[in-house]
Amino acid sequence: MTAAIRDHAIVGDCRSAALVSRGGSLDWLCWPSFDSPSLFAALLDEERGGRFSISPAGSFRSERAYLHETNVLRTRFFTGGGELALTDFMPVSGSARAMRPGQELVRIACCERGEVEVEIAFDPRPGYGRRKPEIRSLGKLGLRVDAGSGDLLTLVTDAPLGPSGCARVRLGPGQRLHFSLGYTRGMPAILAPATAARSQAVLEETARLWRLWAARTRYDGPARDMVVRSALLLKLLQFAPSGAIIAAPTTSLPERLGGELNWDYRFCWLRDAALTARALFGLGHREEAESFMSWLLLATSLSLPRLHVLYDLYGRMPGPEKELGHLAGHSGSRPVRVGNAARGQVQLDTYGEVIEAATYFVRSGGEIDRPTATMLVGFGREVARDWSEPDEGIWEVRGPGSYFTHSRVLCWAALQRLCELAEKGHLPGAPAAEFARARDRIRAQVEELAWSEQLQSYTRTLAGADVDASLLLLPWFGYCPADAPRMRATWRRIRQRLEVRPGLFRRYFGGLTEGEGAFGICSFWAVEYLALGGGTAEEAEQSLRTLIGYANDVGLYGEEIEPRDGGALGNFPQAYTHVGLINAALSLRDRLEHGRQGAGQARSVPEARA
Amino acid sequence: MSWPPSLLAGFAGTLLLTSLEAGAQQLHLTRMSMPYLLGTAFTASRDRAKVIGFFTHLVNGQLFALLYVAVFRATGHSGALWGALLGLIHSAVVLLVVMPLLPSLHPRMASAQQGPTDLRQIEPPGPMALHYGLSTPLMLVVSHVIFGMVVGGLL
């Protein structure tokens with residue numbers, strides 16, 4: 001039976017990722033990049049998806065953890081007769097001179113105590129499980145599978161694995177099996193030897209490089225382990241060739257078990273750009289932050305003057321959304337989709353996100369060059385012209401657009417930031433007065449139409465009667481102080497209507513959200529709201545602790561949290577939930593170190609250099 | 001024998017052959033890459049291997065062009081058709097003789113007998129270079145025939 005979403009852990013190499021279950025089954029892998037068709041997809045269809053499983057035969061109990069501050073996963077299986085340790089990782093290398101497969105995943109099974117009979121099942125199904133390919137054995141050169149389009153999947157191992165892909169091996173104390181799963185496109189394959197020496201060498205090199213990177217994390221506040229884990233996940237999900245950070249490495253893991261809310265998240269959304277930039281800059285990962293900014297500015301420059309909702313790894317418009325009717329879906333949740341129809345939507349808040357991210361770049365010492373300044377001013381003109389139009393909003397509600405308060409406030413933030421940048425000389429020639437007038441009109445409209453006297457809250461839409469967790473971001477974007485009377489009242493209403501369990505918040509109530517779980521990032525926004533001055537530091541810290549309790553055993557979150565049993569829902573692991581955790585922790589640290597005035601962070605924009 | 005036309009013909013023929021092979025790679029018809037295989041004999045770095053291999057391949061092309069010229073002179077035949085015939089023979093030698101020998105000749109190529117080792121990790125071409133894709137033999141024959149036609153035709 002396919003494991004639950006939360007029973008998976010991720011390994012990856014900043015280009016691609018795999019999900020491994022607690023039972024040692026590789027249930028999801030797309031090569032050569034995050035958004036390629038899957039080679040293993042048991043996560044979406046137990047029968048047809050394909051898996052690569054290594055586990056003890058018979059019953060067992062398992063525990064697992066990442067090696068300290070790495071993305072190397074170690075699963076320990078306990079059986080009646082012994083103990084087996086399974087180590088999974090994708091090698092990363094600091095040397096360009098080493099000969100390495102194009103993509104590689106290494107698995108090492110080691111009997112650490114007693115005797116364990118190990119069961120191996122290698123069943124690749126390329127192209128999202130559309131076909132069951134022949135496995136060819138070339139003896140000592142390993143197994144080969146035609147992965148489609150001339151690509152080759154290879155498995156070199158010292159286990160007695162034949163063309164059936166299945167084997168049972170009895171291991172005694174200290175005995176090991178080594179597996180090197182490789183992928184090649186367009187070149188003769190590199191076959192890494194499945195030897196103890198080579199496997200150990202790449203394991204040590206990979207662990208060393210991850211630790212070296214993690215050690216550069218500048219954070220010593222609450223929940224440091226979880227913050228570092230989140231940073232490691234962001235790094236893993238950042239596509240190294242371009243700097244893009246994908247929302248999640250999976251598609252169609254359900255937001256509602258058995259339901260239709262199944263989307264492809266292997267793209268980059270602009271809606272969390274500002275939060276992501278702040279998280280990376282805030283942790284001192286300047287190289288990754290600047291790489292992300294480069295991708296962001298390149299992607300947005302390709303679609304000038306409009307901004308799309310999402311982009312692919314190279315900043316292009318993703319392909320059309322398709323349904324894969326041959327896959328049963330995770331827990332019967334159909335349809336399975338690839339591509340994302342949200343690509344054609346209008347989200348006015350994306351302008352605010354991009355401009356806020358650019359402002360973080362400037363606050364962190366970056367300089368805006370002339371083409372970027374021209375581009376940002378162009379976005380400002382779009383916002384000044386279109387801010388009053390309906391859009392699909394941050395939650396990408398399909399159907400006719402609405403007048404979302406969050407979108408309005410993000411338009412306000414976009415213009416406010418542009419005015420600040422212009423004032424400090426970063427945007428020569430910007431029509432600051434025009435931007436300021438539009439900004440003031442937006443505020444006037446929000447205060448008049450997005451505040452409900454009856455509800456005593458800001459509302460989800462203009463003149464609406466509902467609340468939305470995205471309103472918790474108003475202080476974050478500097479629209480109002482967290483302790484402003486209207487914001488405090490909104491917080492009370494959001495807690496009353498959207499908090500489903502202590503610390504867990506839904507995004508909003510509506511037809512689409514019925515049956516879905518609490519949203520991870522919304523719950524972290526609540527922590528950050530408290531840290532920014534909406535509550536006491538103790539309240540924020542307690543909420544953060546509560547939420548950390550909902551991470552899975554290796555510290556990962558999906559998009560949503562099932563309130564009843566704490567299970568993960570939606571695509572997994574979700575970068576933006578972890579971005580929320582990092583930002584909440586950063587704001588809480590500032591609050592603890594500098595009191596209420598420190599929680600708002602240094603938001604001033606420095607003068608432009610001459 | 002006139003050197004400049006021979007070298008020019010060799011250069012043009014090799015460039016075309018290399019382009020055909022690269023095109024076949026990009027169309028996913030084969031994973032065969034002579035520049036890569038040649039370059040990895042000198043370096044383990046993938047990127048450097050492609051550059052070194054490209055220039056080594058060009059030099060090889062010149063040498064083979066001179067060999068073709070020598071055959072033309074010895075037999076008293078020349079022209080595109082005879083060049084094509086020589087190319088066909090050349091490709092047969094590559095497929096039937098050179099490819100099976102490659103694991104023994106190439107310092108970084110694995111062999112079916114020993115499997116991959118720390119030093120030898122490149123997938124061997126296998127019989128008729130079929131490990132690099134089912135279209136590989138056809139691609140090799142076509143590209144060498146065209147090489148021969150260019151060399152024969154330009155002389």
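How many residues does helix α3 of chain B have, and how far does this helix reach from its first C-alpha to its last? In this predicted model, local features need pLDDT of at least 70 and side-chain atom pairs count only at pLDDT 80 or more, whereas totals for chains, interfaces and linings use all residues. Residues are numbered from 1 along each chain as its sequence is written, and chains are lettered from A and ligands numbered from 1 in the order in which they are written.

Helix α3(B) covers residues 46-75, which makes 30 residues. Helices are DSSP runs (H or I, at least four residues) numbered from the N terminus. The reach of α3(B) is 42 Å, close to the 44 Å expected at 1.5 Å a residue; the expected span is 1.5 Å times one less than the number of residues. Its buried residues are B:Ala49, B:Gly53, B:His57, B:Gly61, B:Phe64, B:Ala65, B:Tyr68, B:Val69 and B:Phe72, where buried denotes 20 or more other C-beta atoms, placed from the backbone, within 10 Å of the residue's own. These buried residues pack against α1, α2, α4 and α5 of chain B. After α3(B) comes B:Gly76, with a positive phi near 75 degrees.

Within chain B, the axes of α4(B) and α5(B) come within 6 Å and cross at roughly 145 degrees. Axes are lines fitted to C-alpha atoms, for helices over the stretch in contact, and angles run from 0 to 180 degrees between N-to-C directions. This crossing of α4(B) and α5(B) is right-handed, the near helix being turned clockwise from the far one by less than a right angle. The residues of this contact comprise 15 nonpolar, 8 polar and no charged. Ala, Val, Leu, Ile, Met, Phe, Trp, Tyr, Cys and Pro count as nonpolar, Asp, Glu, Lys and Arg as charged, and the others, Gly among them, as polar.

In chain A, the axes of α4(A) (residues 273-282) and α5(A) (residues 286-302) come within 8 Å and cross at roughly 155 degrees. The two helices are therefore roughly antiparallel to each other, a term for angles over 145 degrees. The crossing of α4(A) and α5(A) is left-handed, with the near helix turned anticlockwise. By class, their contact has 8 nonpolar, 1 polar and 2 charged residues.

Between the chains, 24 residues of chain B are in contact with 22 residues of chain A, contact requiring C-beta atoms within 7 Å. Elements giving two or more residues to this side of chain B are α1 and α2 of chain B. The side of chain B that touches chain A has 9 nonpolar, 10 polar and 5 charged residues.

Conventions: A residue is buried if 20 or more other C-beta atoms lie within 10 Å of its own, exposed if 12 or fewer, and partly exposed in between; C-beta atoms are placed from the backbone. Two residues are in contact if their C-beta atoms, placed from the backbone, lie within 7 Å. Angles under 35 degrees count as roughly parallel, over 145 as roughly antiparallel, 65 to 115 as roughly perpendicular and the rest as oblique.
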